Each structure stands twice: as structure tokens, then as C-alpha cells.
Amino acid sequence: MGKLPDKRLVRCPRCETPLEVSRNAKSTLCPGCHQNVRTEDDAVDTYCARREFFTEGEVTVGKKGVLIAEVRVVRLVVQGEVKGTVQARESVVVAKTGRVYGDIRTPVLSVEAGAQVTGRCEFGPGLAQLRAPEPAVDAGVSAA
Ligand SMILES: [Zn+2]
């Protein structure tokens, strides 16, 4: 029996440096920008406000979840509310109960009937690479 590949390739959401992490790693340190990169899947089921919500994984915002942040993930499912710019490397699904107030940029966007999106949507092949993060003007606010 050969060794099964248990690594996956992700990219730093800040500087796009490719990173090889073990499949069940929760985070890794980016050698490009020396910042911690979350690589775990996550769920938001309560009120959550922060400057950045970055993870190289799938994030589900539940029906009672309110996420206020700049969002950078691999896949995003919105059943509750998101306020902020959203970038997802693979896909964004806005469920019929979902509301997004902010721009969405992703290769594949799926919006169910009844959902609300208030913002600019950019989707299609070739949008897997994330834009550089917006410069931090509010330097006094820490990225929790
Ligand atoms: Zn980096």
C-alpha cells in the first residue's frame, strides 16, 4: 500500500502564495506574508462582526447567522445575512433565506428564488484568484 496523499494545495487569501497543508490542518503560516492562514471549514450561526473573515475552506452562514466582515473563502453558503465584500474561489450559494449586502466575486454564483443580494456581482470562469485585500484604513481596528 502506497501512502495516500493527505495534503491539499491552498492559497494565501492575502498574498496568493500557494501553500501545501495537510488535509485536516486548521491553519498554517504563510511564508509570503508571515500571517496565519485559516484552512478549516467554518459555520456562522450567531452575530459575528470582524474586519476579516478569511479561511481556505467552506463557510456556511446559518439562518440565524449574521456575518459582518470582508469575506474570503473557498465556498460560501448564505442562509442568513452577510454584510461585506465577498470573494470565494469556487462558489457562492445564496439560499432562499439568504441576504447579502455587499459585492460578490466568485467563479460560480447561485442565487435561489427569494434570496436578496444588494451589491455588485461578478461571476464566471477565471475569477478563482482573489483580489488583493483592501488596504487597512482603520489601522486602529485589529483583525480579531
Ligand atoms: Zn500570505
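Two strands count as paired here if DSSP finds at least two bridges between them. By that rule β7 and β8 pair: 4 bridges join them, and they run parallel. This is a predicted model, with 15 strands and 0 helices. Of its 144 residues, 28% count as buried. As for contacts with a separation of 6 or more, 10% of them come from residues 24 or more positions apart.

**The nonpolar core**

- The largest nonpolar core has 22 residues, and Val71, Leu76 and Val86 touch the most other members.
- Two or more residues each come from β6 (47–54), β7 (58–61), β8 (66–78) and β10 (86–94).
- The top contributor is β8, which gives 8 residues to this core.
- Once residues up to four places away in sequence are set aside, Val71 still touches Phe53, Leu76, Val82, Gly84, Val86 and Gln87.

**Around β7**

- In a regular strand, side chains alternate between the two faces of the sheet.
- On the β8 side, Thr60 stands opposite Val77.
- β7 also pairs with strand β5 (residues 42–44), again in the parallel sense, over 3 bridges.

**Around β10**

- β10 pairs with β8 in the parallel sense over 7 bridges.
- Strand β12 (residues 104–106) runs parallel to β10 and is joined to it by 2 bridges.
- Here Gln87 stands opposite Arg105 of β12; Gln87 is also among the residues that Val71 touches.
- Strand β13 (residues 108–111) is parallel to β10 too, with 4 bridges between them.
- Val93 stands opposite Ser110 in β13.

- Asp6 is found in the segment before β1 (7–11).
- Asp6 has 10 other C-beta atoms within 10 Å, so it falls in the exposed class, where the cut-off is 12 or fewer.
- Beyond its neighbours within four places in sequence, Asp6 is in contact with Ser22 and Arg23.
- Asp6 and Arg23 sit 17 residues apart in sequence, yet their C-alpha atoms are 5.4 Å apart in space.

- As background, most residues other than glycine have a negative phi.
- Glu16 has a positive phi, near 65 degrees, without being a glycine.
- Glu16 lies in the loop between β1 and β2 (18–22).
- With 15 other C-beta atoms within 10 Å, Glu16 is partly exposed.
- His34 is likewise a residue other than glycine with a positive phi, near 60 degrees.
- The loop that holds His34 is the one between β3 (27–29) and β4 (36–38).
- His34 has 9 other C-beta atoms within 10 Å and is therefore exposed.

Definitions and conventions. Residues are numbered from 1 along each chain as its sequence is written. This is a predicted model: local features need pLDDT of at least 70, side-chain atom pairs count only at pLDDT 80 or more; totals for chains, interfaces and linings use all residues. A residue is buried if 20 or more other C-beta atoms lie within 10 Å of its own, exposed if 12 or fewer, and partly exposed in between; C-beta atoms are placed from the backbone. Two residues are in contact if their C-beta atoms, placed from the backbone, lie within 7 Å. A nonpolar core is a set of buried Ala, Val, Leu, Ile, Met, Phe, Trp, Tyr and Cys residues joined through C-beta atoms within 7 Å.
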